[in-house]
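This briefing sets out the charged pairs, the chain contact, the nonpolar core and selected local features of the structure shown below.

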Amino acid sequence: MSTGKFRTIDPILIHLKGPMDWRECVHQVLEPLHVPEAYEKAVKDQIEAYGPYCILRPGMALIHGPAMRDCRKAGMTVAVSESPVFFDGKSVTFFIGLCAPTPLQYMNVIRHLSPLLRGKYDTAYLMTCSDEELLTHFRKVNEEEDA
Amino acid sequence: MISIFCCCGSGLGSSLMMKMSAEEALEKLGASRYEVSFGQSSAIPFSADLIVCSEDMAISLHTSVPVIALHDLMDENELAEKLKAYLP
């Protein structure tokens with residue numbers, strides 16, 4: 001049930017160091033969110049099954065799985081990698097990790113996140129932003145509170 | 001009425017983003033008779049006339065329904081350009 005009240009999701013900014021494969025990358029992007037192992041496994045299983053569907057724009061991936069009750073609350077990481085990570089041969093350096101306990105919470109986060117990744121906010125632009133600029137930008141993502 | 005299904009692996013993340021983009025693109029194109037839904041690629045509805053997904057997802061789909069495969073999921077111009085071909 002909608003309350004019309006929103007809380008800001010504080011993005012967690014991380015810098016990924018050194019070369020790594022996509023599985024390790026998924027782990028590192030999700031680790032700060034303290035998601036259950038089952039969530040991380042679901043994300044990896046889906047990438048293996050469907051290919052890198054998580055790549056939103058060239059060089060940018062949304063690391064996301066199904067809504068899962070064991071994810072205690074909605075959370076988001078923003079990760080910048082100094083080395084490209086390859087998903088099925090496609091190079092990615094900018095990552096957004098997401099989790100949420102319910103489909104409704106998940107969709108509310110996506111609705112706020114989507115406009116922040118359009119237009120000029122492509123990988124090249126976001127990679128030039130300072131940490132503070134990235135945090136300010138992604139703090140615009142809100143989550144509707146449960147009734 | 002054209003029924004468009006946007007899909008991704010989880011059925012909640014990028015598929016919803018594509019739905020939002022598709023609705024905006026259809027409005028800009030002046031389309032009036034359409035419905036856009038979203039979900040997992042494993043649950044394509046029988047009523048779907050058109051599927052929208054990423055290039056990578058398109059490779060793994062086994063369907064007779066026409067597929068729009070997007071290079072950049074956040075590029076409304078790419079989606080609008082590809083949707084044009086399917087509008088009456």
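Over all chains of this predicted model, a search of the whole structure finds 14 salt bridges. Across the interface of chain B and chain A, the rule finds five salt bridges. The points below begin with pairs inside chain A and then turn to the contact between the chains.

**Salt bridges within chain A**

- A:Asp10 and A:Arg139 form a salt bridge, with the closest N and O atoms 3.4 Å apart. This pair links distant parts of the chain, the two residues being 129 residues apart. A:Asp10 belongs to the loop between strand S1 (2-8) and strand S2 (12-16) of chain A, and A:Arg139 to the loop between helix H5 (131-138) and strand S7 (142-146) of chain A.
- A:Asp10 counts as exposed because its relative accessibility is 53%, the cut-off for exposed being over 50%. A:Arg139, with a relative accessible area of 36%, is partly exposed.
- A:Arg139 also meets A:Glu132 in a salt bridge, at 3.8 Å from N to O. A:Glu132 is partly exposed, with a relative accessible area of 48%.

**Salt bridges between the chains**

- A:Arg118 forms a salt bridge with B:Glu76, and the closest N and O atoms are 3.0 Å apart. The pair joins two chains, because A:Arg118 lies in the loop between helix H3 (103-113) and helix H4 (123-128) of chain A, while B:Glu76 lies in helix H3 (residues 76-84) of chain B.
- Are the two partners buried or exposed? A:Arg118 is buried, its relative accessible area being 9%. B:Glu76 also counts as buried, at 17% relative accessibility, because the cut-off for buried is under 20%.
- A network of salt bridges links A:Arg118, B:Glu24, B:Lys28 and B:Glu76.
- B:Asp56 and A:Lys90 form a salt bridge in which the closest N and O atoms are 3.0 Å apart.

**The contact between chain B and chain A**

- Polar contacts between chain B and chain A number eight residue pairs, with both residues at pLDDT 80 or more.
- On the side of chain B that touches chain A, the elements that give two or more residues are helix H1 (14-28), strand S2 (34-40) and helix H2 (55-60) of chain B. The largest share of that side, six residues, comes from H1(B).
- The residues of the side of chain B that touches chain A divide into nine nonpolar, eleven polar and five charged.
- The contact takes 25 residues from chain B and 25 residues from chain A.
- How much area do chain B and chain A bury between them? The figure is about 2,100 Å², with 61% of it on carbon and sulfur atoms.

**The largest nonpolar core**

- The largest nonpolar core holds 84 residues. The members that touch the most other members are A:Ile63, A:Phe87, A:Phe95, A:Leu113, A:Leu117 and A:Phe138.
- H1(B) gives the largest share of this core, seven residues.
- In soluble globular proteins, nonpolar side chains tend to be buried together.
- With neighbours within four places in sequence left aside, the residues in contact with A:Phe95 include A:Leu16, A:Cys25, A:Val29, A:Ala61, A:Ile63, A:Val85 and A:Phe87. A:Thr77 and A:Ser81 are also among the contacts of A:Phe95.

**Helix H3 of chain B**

- Which residues of H3(B) are buried? They are B:Glu76, B:Glu78, B:Leu79, B:Ala80 and B:Leu83.
- The cover over the buried residues of H3(B) includes strand S1 (2-8), H1, strand S3 (50-54) and strand S4 (67-70) of chain B.
- At the start of H3(B), a side-chain oxygen of B:Asp75 comes to within 2.9 Å of the backbone nitrogen of B:Asn77.

**Positive phi values in chain A**

- A:His34 is not a glycine, yet it has a positive phi of about 55°. A:His34 is placed in the loop between helix H1 (22-30) and helix H2 (37-50) of chain A, and it counts as exposed at 60% relative accessibility.
- A:Asp88, likewise a residue other than glycine, has a positive phi near 55°. A:Asp88 is placed in the loop between strand S5 (75-87) and strand S6 (90-99) of chain A, and it counts as exposed at 65% relative accessibility.

Note on methods. Residues numbered from 1 in each chain as written. Chains lettered and ligands numbered in written order. Predicted model: local features only at pLDDT ≥ 70, side-chain atom pairs only at ≥ 80, totals over all residues. Heavy atoms only, no water. Contact = heavy atoms within 4.5 Å. Buried area = accessible area lost by both parts, 1.4 Å probe. Salt bridge = Lys/Arg side-chain N within 4 Å of Asp/Glu carboxyl O. Polar contact = N/O pair within 3.5 Å; in protein donor to acceptor, adjacent residues only side chain to side chain. Helix = DSSP H or I, 4+ residues; strand = E, 2+ residues; numbered from the N terminus. Nonpolar A, V, L, I, M, F, W, Y, C, P; charged D, E, K, R; others polar. Buried < 20%, exposed > 50% of the residue type's maximum accessible area, 1.4 Å probe, protein only. Core = buried A, V, L, I, M, F, W, Y, C linked by side-chain atoms within 4.5 Å.
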